[in-house]
Amino acid sequence: MIVTLDRDADPARVRAELTGLGLWTEVYRSDDGGTHLRVLEHSRAVGTDELLRIDGVRSVSAPSPRYPRVDALSDRVEIAGVAVGRGCPPVLMAGPCSVEDEDRIDRLAARVAAAGARFLRGGAFKPRTSPHEFQGIGRRALRWLRDAADRHGLAVVTEALSERTVDEVAEFADLIQIGSRNMHNGALLRAAGASGRPVLVKRGMAATLDEWLGAAEYCLEAGAPAVIFCERGIRGFDRETRNLLDLASVALLAYVRRLPVIVDPSHALGRRDLVAPLARAALAAGAHGLLVEVHDAPDTARSDGAQALDPDDLSALLPDPALPAAADRSP
Ligand code: PEP
Ligand code: MN
């Protein structure tokens, strides 16, 4: 936002008044000699009318929003009867990395439901670093996932890896996941949005916040009824913790932008021993839910066994329902 001052106004005085209202500004002069105060991003939201009442303020202009559909999003969404977002109990989405066989996904669905999960996750189409690694079972796994979720009262979240398969994923999923590697794939984001399903937009592993918001705008522009953001760690410099779980961005989305955001500590860390502490940290930072991988025989899992929790350990990730949600205690 730009606040333009009267020619004879004292910028220091106006600036001090704005600071008193919680607006951080920097002064700049335009080529025509006018004096302006640029309001910085982390300022409080103050209405234009209030600013125009300040002595010395001539006009206030807001540049057109970069992502108007994201700006217009509500801070809570409802997907398959499950509310996610500000003021809602933290939602747990859990399941194996890959859907491996029909019996296992059914067993795991029963156990994650018993632990309090509301969504069953599991990849039928897997994005893998090497083309020689297990790529997922495909359409048959989507059917197993859907049936298992239905038997145990869960909603389904699963990844669409390509434009080619997005419609079949939409047929079985309540929430379409866009994976980290695909967050910049505008054509896929559009196809996911056009399917009419809500979209879980995982953050690209080297994506800025602006790029992440832009990805959501693609989905919304194409017709997605809702978007949930998912932080899953960005590339840091230390391999020991695999990725750097950026909880500052989570707090920013939850408290400043007021958008529904969840955290995936499994892919962030790549190791099961740190999933629980980071899950708790994520909820404390304002995350509205968690996406967590589990397995009942992780040593033989076809992907990501090292980070899979035992389903019995899931319930410890959620806070006591008697306590207020972190988002309710926001600044
Ligand atoms: C996943 O959740 O299955 C996955 C592959 O995660 P990411 O895209 O964050 O690596
Ligand atoms: Mn995985």
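A residue counts as buried here when its relative accessible area is under 20%. Keep that cut-off in mind as you walk through this predicted model.

**Stop 1: Arg203**

Start by selecting Arg203, in the loop between strand 11 (199-202) and helix 8 (209-222). Is Arg203 buried or exposed? Its relative accessibility is 5%, so Arg203 counts as buried. Now show its side chain and look for partners. One polar atom of that side chain lies 3.0 Å from the backbone oxygen of Ala207, and the side chain also makes a polar contact with the side chain of Glu231, at 2.9 Å. Beyond its neighbours within four places in sequence, Arg203 is in contact with residues including Met183, Trp212, Ile234 and Asp246. Ser180 and Arg232 are also among these contacts, and you will meet both at the next stop.

**Stop 2: ligand 1**

Next, select ligand 1 and display what surrounds it: Arg121, Lys126, Pro127, Glu159, Gln177, Gly179, Ser180, Arg181, Lys202, Arg232 and His267. An oxygen atom of ligand 1 is 2.6 Å from a side-chain N or O atom of Arg232. For Arg121, a polar side-chain atom lies 2.8 Å from a ligand oxygen. With Ser180, it is a backbone N or O atom that lies 2.8 Å from an oxygen of ligand 1. On its own, ligand 1 has 290 Å² of accessible area, and the protein covers 97% of that.

**Stop 3: the manganese ion**

Which residues coordinate the manganese ion? They are Cys97 (SG), His267 (NE2), Glu293 (OE) and Asp304 (OD), at 2.0 to 2.3 Å. Along the sequence, these donor residues follow the spacing C-x169-H-x25-E-x10-D. Colour Cys97 and Asp304 to see distant parts of the chain linked: Cys97 is in the loop between strand 7 (91-95) and helix 4 (102-114), while Asp304 is in the segment after strand 14 (289-293), 207 residues apart. Cys97 is buried, at 4% relative accessible area, whereas Asp304 is partly exposed, at 23%.

**Stop 4: helix 5**

Finish with helix 5, residues 139-151. Its 13 residues should span 18 Å at 1.5 Å a residue, and its end C-alpha atoms are 19 Å apart, which agrees. Select Ala141, Leu142, Trp144, Leu145, Arg146, Ala148 and Ala149, which are buried in this helix. Their cover includes helix 4, strand 8 (119-121), strand 9 (155-159) and helix 6 (166-172). After the helix comes Gly153, with a positive phi near 70°.

Note on methods:
Residues numbered from 1 in each chain as written. Chains lettered and ligands numbered in written order. Predicted model: local features only at pLDDT ≥ 70, side-chain atom pairs only at ≥ 80, totals over all residues. Heavy atoms only, no water. Donors = N, O, S within 2.8 Å, 3.2 Å for Na, K, Ca; no water. Helix = DSSP H or I, 4+ residues; strand = E, 2+ residues; numbered from the N terminus. Buried < 20%, exposed > 50% of the residue type's maximum accessible area, 1.4 Å probe, protein only. Expected span 1.5 Å × (residues − 1). Contact = heavy atoms within 4.5 Å. Near = heavy atom within 4 Å. Polar contact = N/O pair within 3.5 Å; in protein donor to acceptor, adjacent residues only side chain to side chain. Areas by Shrake-Rupley, 256 points an atom, 1.4 Å probe, with all protein chains shown as cover.
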